[in-house]
Amino acid sequence: LNMSRLPVMSTKRVLTSSSSENSQDMAPVQKKMRKDQGPQKPQTATTIIGDKRPPAAAAATASLYRPVRGAGAATVAVAPSRGVPKQVKASSAPKAASVKQQAATKPAGTGPTRRQPWDLKGKVSDMESKIRTYQTKIKSLSEHNEVLKGSLAQSKAKAAELEREVERRRREISEFEQEQQRLSGVQSELEKVSSEKNVLQKELSNLEQKYKVNEMLRESQEMELQTLKMKQSVQETTMAQLQDTLKETEELVTSLKETVAHQKDELHAGEMERRRLHNTIQELKGNIRVFCRVRPLEDGGLTKHIQLAPSDNKSIILAKTEESHTGKTADTQKNYHFSFDRVFGPQASQQEIFDEISLLVQSALDGYNVCCFAYGQTGSGKTYTMEGEEVDDTRGVIPRAVQQIFRAGAKLQSQGWEFSFTASFVEIYNETLRDLLYSGKASKRPEHEIRKAANNEVTVTNLTYEKVYSEDQVLGLIALAKQNRSTAQTSLNDRSSRSHSVFQLQIEGVNSGRDVKCKSILCLVDLAGSERMVKSQSQGERFKEMTSINSSLSNLGIVITSLANKESHVPYRNTKLTYLLQNCLGGNSKTLMFVNISPEPDSFGETLNSLRFASKVNDCIIGTASSNKK
Ligand code: ADP
Ligand code: MG
């Protein structure tokens with residue numbers, strides 16, 4: 001092996017060649033040589049150098065790599081120390097090497113022996129041989145250098161090649177990396193897609209369930225539809241039947257309407273007939289009626305001097321026991337008999353009283369003027385009878401009459417009647433009129449005059465005529481009148497007992513469908529106390545009052561009497577009261593007079609007077625009434 005390699009090394013062509021093929025083989029050869037030539041003896045080396053043969057050069061080169069020993073090593077010391085690190089090591093002991101080299105050359109006998117000082121020629125030849133040796137060495141070293149240079153170039157080329165390779169790999173790596181990134185993108189996309197797929201699958205299964213539900217629903221609805229269709233056909237049949245029925249019913253309604261119209265006519269005729277008959281009854285009862293009412297004693301009983309017949313309710317006996325003047329004869333009792341249309345005892349309730357008047361109130365609604373007076377001494381119960389008290393049971397004639405009129409008017413609406421009511425409340429004191437419904441300032445209270453229009457209607461100037469629509473409103477007016485009366489009252493003088501108070505309700509009814517109208521007045525009068533005073537007791541204002549009251553009450557009696565006697569002249573104008581009430585007295589009107597009586601024995605005289613006055617009125621028959629039809 002050693003020998004076969006050596007020739008390659010030795011060829012000149014190989015040493016100078018820069019071809020990469022040969023230089024590549026160089027390194028392994030050098031290594032081998034260093035190992036194999038280690039045991040070679042210095043003598044052999046020396047010989048080779050001398051022969052100047054290529055193997056010797058190779059050996060010398062090899063010796064450079066050997067551990068420093070023998071003559072071969074000595075050449076190293078002068079060689080350039082750059083390149084291989086082992087050369088540096090070798091040069092660290094140049095002296096020792098050269099000493100050993102000198103010692104080693106001696107026994108060989110071929111090298112220059114020690115020259116004699118004079119042997120300059122020999123010395124020169126020695127030097128020259130030395131120089132030749134060095135030159136040879138230099139030559140081999142430069143050759144070696146060349147080889148190394150070639151090897152370096154190869155290495156460089158190889159390095160460049162490797163760099164390119166690295167570059168290529170890097171590019172590949174980056175390409176791979178890009179590919180990997182792309183793939184990771186693809187993977188994430190894949191994951192996304194698969195999650196989307198999951199969602200879609202869920203959705204799909206949901207939809208499938210919904211579909212199933214819908215299918216079921218649809219089936220049930222179809223069934224329902226079927227049922228409804230059946231029902232519809234049933235209903236259509238029913239409908240047809242109903243339409244037939246409707247037609248029949250409509251015909252029936254038409255005929256019934258005709259009947260109703262006919263019956264309405266009959267009803268109206270009946271109503272007019274009722275009015276006529278009612279009036280006939282009232283006339284038969286008397287167009288002027290007198291009722292007597294006895295107030296209960298304060299403990300509720302009745303005194304002996306007033307006797308009421310239990311069998312009928314029309315007579316009253318006033319009994320007076322006269323003591324015997326001589327005392328020898330028995331006391332004589334004088335009885336005064338009176339009979340009226342009705343006599344009410346102390347137990348009679350407000351309702352019982354009103355039941356009798358309600359017939360006349362009906363007459364007022366039918367179109368007849370109605371006048372109702374309460375006559376009697378102060379304290380006999382006139383105001384109680386007319387106004388009563390505020391609790392339901394104790395209400396008097398005025399609120400009850402108003403209630404009846406409103407209710408009857410509302411009922412007549414179904415027959416086509418429209419009613420309107422106007423209320424006024426006036427006080428006559430000392431022949432002066434005072435508006436009891438006045439609600440303005442006391443200082444601006446107006447004066448009043450009674451006027452008679454061309455159509456004979458009587459009105460009072462500046463008086464409050466209040467349209468009323470409800471019972472409550474009338475109750476309010478009564479309360480206002482009460483308040484107005486009490487403000488005029490002084491502590492000494494109970495003015496209400498010294499004056500007449502006249503409540504008037506004008507009633508207007510229209511039946512536009514039948515072109516019928518009616519108009520009437522309901523007058524409810526609380527007269528002044530009828531008691532007469534002893535002349536010596538009455539002076540000044542009191543006297544004037546008394547005269548005024550007496551004259552107006554007696555004039556009322558005269559007016560009624562002359563009406564009854566059909567006298568040509570009826571003195572209405574004599575007093576304010578009769579002048580105001582002229583349309584309600586006589587002619588077509590109905591008059592009712594309450595005679596209120598106090599049961600106390602000391603009122604005997606006044607009671608007798610009142611009963612006498614009342615029976616005078618009672619004896620009158622006022623005209624024949626005809627209703628105010630227009
Ligand atoms: P007048 O108005 O005639 O002066 P009133 O109506 O004021 O008399 O009556 C005097 C008193 O007697 C009042 O307290 C009244 O409540 C009472 N009174 C009158 N009549 C009756 C009666 N029928 N039942 C109960 N109390 C009555
Ligand atoms: Mg009174």
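A search of the whole structure finds nine aromatic pairs. The model is a predicted one.

**Phe-291 and Phe-344**
- These two rings pair edge-to-face, with centres 5.8 Å apart and planes at 75°.
- Phe-291 belongs to strand 1 (residues 288-294) and Phe-344 to strand 5 (residues 342-344), so the pair links distant parts of the chain, 53 residues apart.
- Phe-291 counts as buried because its relative accessibility is 1%, under the 20% cut-off.
- Phe-344 is also at 1% relative accessibility and counts as buried.

**Phe-425 and Phe-503**
- This pair is edge-to-face too, at 5.3 Å centre to centre and 70° between the planes.
- Phe-425 is in strand 7 (residues 418-429) and Phe-503 in strand 12 (residues 500-511), so the pair ties together parts 78 residues apart in sequence.
- Both Phe-425 and Phe-503 are buried.

**Cluster and charges**
- Phe-406, Trp-417, Phe-419 and Phe-421 are linked into a cluster by ring pairs.
- Over the ring of Trp-417 sits the charged end of Arg-275, 4.6 Å from the ring centre.
- Lys-590 places its charged end over the ring of Tyr-368, 4.5 Å from the centre.

**Ligand 1**
- The shell around ligand 1 holds two nonpolar, six polar and four charged residues.
- Helix 11 (residues 382-386) gives the most to this shell, with three residues.
- A backbone N or O atom of Gly-379 lies 2.7 Å from an oxygen atom of ligand 1.
- For Tyr-384, a backbone N or O atom is likewise 2.7 Å from a ligand 1 oxygen.
- Ligand 1 alone exposes 550 Å², and the protein buries 67% of that.

Conventions:
Residues are numbered from 1 along each chain as its sequence is written. Chains are lettered from A and ligands numbered from 1 in the order in which they are written. This is a predicted model: local features need pLDDT of at least 70, side-chain atom pairs count only at pLDDT 80 or more; totals for chains, interfaces and linings use all residues. Side-chain values use heavy atoms; hydrogens and water are left out. A polar contact is a pair of N or O atoms within 3.5 Å; within protein, one must be able to donate a hydrogen and the other to accept it, and residues adjacent in sequence count only if both atoms are side-chain atoms. Accessible areas come from the Shrake-Rupley method with a 1.4 Å probe; for residues, only the protein chains shown count as cover. Helices (H or I, at least four residues) and strands (E, at least two) are DSSP runs, numbered from the N terminus. Ala, Val, Leu, Ile, Met, Phe, Trp, Tyr, Cys and Pro count as nonpolar, Asp, Glu, Lys and Arg as charged, and the others, Gly among them, as polar. Rings of Phe, Tyr and Trp (its six-membered ring) pair if their centres lie within 6.5 Å; planes under 30 degrees apart count as stacked, over 60 as edge-to-face and the rest as tilted. Buried means under 20% relative accessible area, exposed over 50%, partly exposed in between (1.4 Å probe, protein chains only). A charge sits over a ring if NZ of Lys or CZ of Arg is within 6 Å of the ring centre and within 35 degrees of the ring normal.
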